[in-house]
Amino acid sequence: NHLLLNDSIVPESDVAISYKDRGYHFGDGVYEVVRVYEGAFFTLDPHIDRLYESANQIDMSLPFSKEHLKANLEAYKTKEQLENGSIYLQITRGEAERNHLYTREEEPVLLGFVLPDRPPTDASTVGIAAYVTADVRWLRCDIKSINLLGNVMAKRKATDHDCGEAILYRETAVTEGSTSNLFLVNNGTLYTHPADNYILNGITRREVIALAHELGIDVVEEPFPKEVLAHAEEAFITSTSIEITPVHSFKGDVEATLKVGPLTKKLQQAFTERVQKTRSA
Ligand code: PMP
């Protein structure tokens with residue numbers, strides 16, 4: 001087992017990260033998860049672009065060009081002989097004496113490792129239950145920060161209520177899941193929160209919107225209140241790891257039962273085809 005550490009591929013036993021790393025003290029860092037299907041990266045460029053954008057948003061400049069990082073990721077994937085799985089990649093602001101104030105002199109620390117695929121479940125066909133609860137996170141959810149306490153707490157709460165995901169809402173709008181974006185279907189139209197500071201603009205979300213356009217499905221990116229969840233015809237969540245997963249019920253602050261409907265299935269099919277096309281490209 002090797003890891004990607006800064007510019008090198010090193011055995012796991014050689015990885016030593018300082019206890020003074022600001023990622024450890026402050027959650028001062030950003031990350032990405034990129035999927036590999038049949039030995040090929042899926043949507044690598046938008047993930048790398050988002051990583052650099054997240055870093056830029058926290059005033060952190062990265063030591064590598066995008067091209068250099070992509071070459072390192074390819075080399076790492078080859079070294080690990082990764083066929084199906086994901087690569088987790090994080091960049092923290094690096095080592096410093098503990099002080100909230102950063103100096104811009106720190107040297108960022110990049111760490112990448114393989115995340116194996118989770119064992120397959122029937123969630124993609126039967127769907128999951130989703131626990132609707134208040135969104136208590138900060139106001140820059142567009143940054144893919146490693147600081148994930150709000151998400152972590154929501155995920156635990158959902159699981160404690162036998163749900164596979166938490167769906168979060170602010171006063172006037174349902175935002176997203178704890179680790180996913182949310183889509184609703186009503187009258188043949190897709191609804192999802194707009195890509196602003198209240199959500200992470202998922203790469204899978206963007207793929208789904210593009211696929212919907214190709215299929216002639218209308219997409220409305222507007223905030224909607226949590227009450228709307230109660231009369232959704234279909235709902236699904238999206239992310240790199242769970243792709244398109246239907247929601248069969250809402251629990252918690254909204255209760256509803258939904259069917260795994262035709263539009264969700266159509267988009268799942270189109271997504272699978274998109275993955276296959278990338279593989280053969
Ligand atoms: N929102 C949040 C809060 C997430 O953690 C994730 C997964 N990283 C997503 C949305 C989905 O993003 P993506 O499709 O790029 O995996």
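**Figure 1. The shell around the ligand.** Of the 14 residues around the ligand in this predicted model, Leu200, Gly202, Ile203, Thr204 and Thr240 come nearest; a residue counts as near if its C-beta atom, placed from the backbone, lies within 6 Å of the molecule. Two elements give two or more residues to this shell, α6 (203–214) and β13 (234–239). Helices here are DSSP runs of H or I with at least four residues, strands are runs of E with at least two, and both are numbered from the N terminus. The largest share of the shell, 3 residues, belongs to α6. Sorted by class, the residues around the ligand are 3 nonpolar, 9 polar and 2 charged. For this sorting, Ala, Val, Leu, Ile, Met, Phe, Trp, Tyr, Cys and Pro go down as nonpolar, Asp, Glu, Lys and Arg as charged, and the others, Gly among them, as polar.

A word on the model itself: it is predicted, so local features need pLDDT of at least 70 and side-chain atom pairs count only at pLDDT 80 or more, while totals for chains, interfaces and linings use all residues. Residue numbers start from 1 along each chain, following the sequence as written.

**Figure 2. The whole chain.** Counting up the secondary structure gives 7 helices and 15 strands. The radius of gyration is 19 Å, close to the 19 Å from the globule rule for 281 residues, so the chain is as compact as a globular protein of that length. That radius is taken over C-alpha atoms, and the rule is 2.2 Å times the number of residues to the power 0.38. Along the principal axes, the C-alpha trace spans about 50 × 45 × 30 Å. Of the 281 residues, 38% count as buried, where buried calls for 20 or more other C-beta atoms within 10 Å of the residue's own, exposed for 12 or fewer, and partly exposed for anything in between, with C-beta atoms placed from the backbone. Among contacts with a separation of 6 or more, 72% join residues 24 or more positions apart; a contact here is a pair of C-beta atoms, placed from the backbone, within 7 Å.

Figure 3. The largest nonpolar core holds 34 residues, and Ala130, Val132, Ile167, Phe183, Ala235 and Val247 have the most contacts inside it. Elements that give two or more residues to this core include β7 (128–134), α5 (149–160), β8 (165–169) and β10 (181–186). Apart from it lies another core, of 16 residues, with Phe42, Leu44, Leu73 and Val109 among them. A core in this sense is a set of buried Ala, Val, Leu, Ile, Met, Phe, Trp, Tyr and Cys residues joined through C-beta atoms within 7 Å. Zoom in on isoleucine 167 and, leaving out residues up to four places away in sequence, you find it touching Ala130, Tyr131, Val132, Val174, Gly177, Leu182 and Phe250.

**Figure 4. Valine 254 in its loop.** Valine 254 sits in the loop between β14 (243–252) and β15 (256–257). This valine 254 counts as buried because it has 20 C-beta neighbours inside 10 Å. Setting aside neighbours within four places in sequence, valine 254 is in contact with Val132, Lys226, Leu229 and Ala230. Leucine 229 is 25 residues from valine 254 in sequence, yet their C-alpha atoms are 7.0 Å apart.

Figure 5. The chain divides into domain 1 (2–116) and domain 2 (123–280), with bounds from an automatic or database domain assignment. Their C-alpha centres lie 26 Å apart. Across the boundary, 21 residues of domain 1 are in contact with 13 residues of domain 2. On the domain 1 side, β3 (29–37), α2 (44–57) and β5 (85–92) each supply at least two of the touching residues. The most come from β3, with 7 residues. By class, this side of domain 1 has 8 nonpolar, 9 polar and 4 charged residues.

**Figure 6. Asparagine 56 on α2.** Asparagine 56 is found in helix α2. With 13 other C-beta atoms within 10 Å, asparagine 56 is partly exposed. Isoleucine 143 is 87 residues away along the chain, and its C-alpha atom is separated from that of asparagine 56 by 9.5 Å.

**Figure 7. Two loop residues with positive phi.** Glutamate 38 lies in the loop between β3 and β4 (40–41) and has a positive phi of about 45 degrees although it is not a glycine. Glutamate 38 counts as exposed, having 12 C-beta neighbours inside 10 Å. Arginine 104 is in the loop between β5 and β6 (109–116), and its phi is positive too, near 70 degrees. Arginine 104 is exposed, with 8 other C-beta atoms within 10 Å.

Note on methods: Contact = placed C-beta atoms within 7 Å.
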